[in-house]
Amino acid sequence: SGRLDRLFHDIAQGTRPDNLALSGNGDRFHGQQFPADFISEAVDQTRGWFYSLLAISTLLFNKAPFKNVIVLGHVQDQFGQKMSKSKGNAISPFEALEKYGADPIRWYFLSNSAPWLPNKFYDKAVLDGQRRFLGTLYNTYAFYVLYADIYQFDPTKHPLEQSALTVMDRWILSRLNHTVGEVDDHMTNYRLPEAARSLQDFVEVLSNWYVRRSRERFWRDELDADSFAAFTTLYTCLSTLSRAAAPMIPFMTEDIYQNLVISVNPDAPESVHLCDFPVADEAMIDEDLNRQMAALREVVSLGLSSRAAANLKVRQPSACLYVKGTEFDQAFRELAEDELNVKNVVFTEDARAFTTYNLKPQMRTLGPKYGKLLGGIRTALQGMDGNDVVDTFARGETLNFDVGGTPVELEKDDVLTEATQKPGFSAQTDGSVTVVLDCNLTPELIVEGYQREVISKLQNLRKDAGYDVTDHIKVVYRADSELSAAIEAGRDFIMKSVLADELTAGEAADGKECDINGKKAGLSVQKA
């Protein structure tokens, strides 16, 4: 107390110590612990805590006691009312932890909005974040564990730098390192929702694009170099994610880390929370690869929309997909063909063979100029080639013709153009990119469609029966002559796809009636 008395006496006299000695630890205090990197409290502590600290520190040391302040908004109910006991809308944190778990609650508050904004807390909001991020991450982790256990895969024996990486592997590793750098930058600058969204976006593409597109590489009669590359790539992504997401979801990431890392490397830090935050490897980031994959995914999205518009299932092969407005390399083209189930992807700058335009007069501009001639103009436009008219306007020219002997001159703004596809084709456009799906089915394509639909139904029957992914089965089918011929033509393809040791025509007592692209069939599966 004597030292403090002297301190305040000096301050009262207008002097201030440059370096306050606190129990002999002044150098340590000022050099390592003061000022704090950041402090955090709710907005109602602006005066009671933030200002008090600032005032005292300024009085004592003539400097702020913290470098950054994170002000937290209040928690609200689903109607936007501040939670309070008096209103009866407060939720016990212990009940919430018991109901949802710590990680989903942490993730919700970190990802939903900036910390300084109010947050509505209610079931649907928390569960949606739990499903979209934590659920997707866990399912991807469970997928890896399932197949790694089956094949006893040891990542320490297959280092990444020695793996025969495919374009998909190199792309997801590029995205991984880009995401790590992004998350690091966001968290360094206290952009917490942005960091969370970067992680969520990566987990989404890891699960719904990389793993889904690479699924067959994890399941083969005997693993080869391609399979090992897939396992190593997915292991690298998951083990890196466990460290990158650890500050946000500490419990799930600890489980993943213990099972994936500690189980194969006992010399690793004993907890994910004792690990360094991952560092982005700039050499692994390939912007051209990222650009091409983004273009591919846009084409796939438009292609799926074209199938939906034409009411054509993805399992039904199509002859061709025409793409205008973007391009990518052959490896990406093969991915697009497989994903969209088309025999060929063709890049073109002329879609007039598949698309045209409906033409209508713009009443707002043509009414004052041509009045009674509007009916004749509409008829004339309907008889023109829509592609030719659009090309004319694209060249900066006007459209000239006669209606009942009266010359008509139309500019671009005088004509309403609506893109449409010709019969047998389904087109979708987004910005400068247009895709056109050839929906004309040959007998060969129809047969393959039957085969793929049978495979899908058999896979569902396997799942409903609770069979393991490694279980082999026996299949009995009943179908008309056309469908039976299609099944027999694809016998090897079907049996390999569903792990069937036998495929027999007949009637099974426990058979299930199925619709195979409009044809009725009876299908039965039994464990071999």
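Residues are numbered from 1 along each chain as its sequence is written, and side-chain values use heavy atoms, with hydrogens and water left out. Because the model is predicted, local features need pLDDT of at least 70 and side-chain atom pairs count only at pLDDT 80 or more, while totals for chains, interfaces and linings use all residues.

Helices (H or I, at least four residues) and strands (E, at least two) are DSSP runs, numbered from the N terminus, and two strands pair if DSSP finds at least two bridges between them. Four strands are arranged in the order β14-β13-β16-β15, forming an open sheet with mixed pairing. Its edge strands, each pairing on one side only, are β14 (500-505) and β15 (512-516). On average, neighbouring strands are turned by 30° against each other, direction ignored; axes here are lines fitted to C-alpha atoms, for helices over the stretch in contact, and angles run from 0 to 180 degrees between N-to-C directions.

Strand β13 (residues 473-478) runs parallel to β14 and is joined to it by five bridges. Within this pair, Lys474 has Glu502 of β14 as its bridge partner. Strands β15 and β16 run antiparallel, also with five bridges, and Asp515 stands opposite Lys520 in β16. These two strands form a hairpin with two residues between them, and Asn517 in the turn has a positive phi of about 50°.

Helix α16 (residues 443-464) lies across β13, β15 and β16 (519-527), running at about 145° to β15. Helix α17 (residues 481-489) touches β13, β14, β15 and β16 (contact means heavy atoms within 4.5 Å), and its direction makes about 45° with that of β16.

Elsewhere, helix α13 (residues 363-370) packs with helix α14 (residues 374-382) at an angle of about 125°, their axes being 10 Å apart. Met363, Leu366, Gly367 and Tyr370 of α13 make this contact with Leu374, Ile377 and Arg378 of α14.

Finally, the cysteines can be checked for disulfides, a disulfide being a pair of cysteine sulfur atoms within 2.5 Å. The count comes to zero. Cys237 is in no disulfide, and its nearest cysteine sulfur, that of Cys275, is 17 Å away. This distance is too far for a bond. Cys237 has 0% relative accessibility and therefore counts as buried (under 20% relative accessible area, with exposed over 50% and partly exposed in between, using a 1.4 Å probe and protein chains only).
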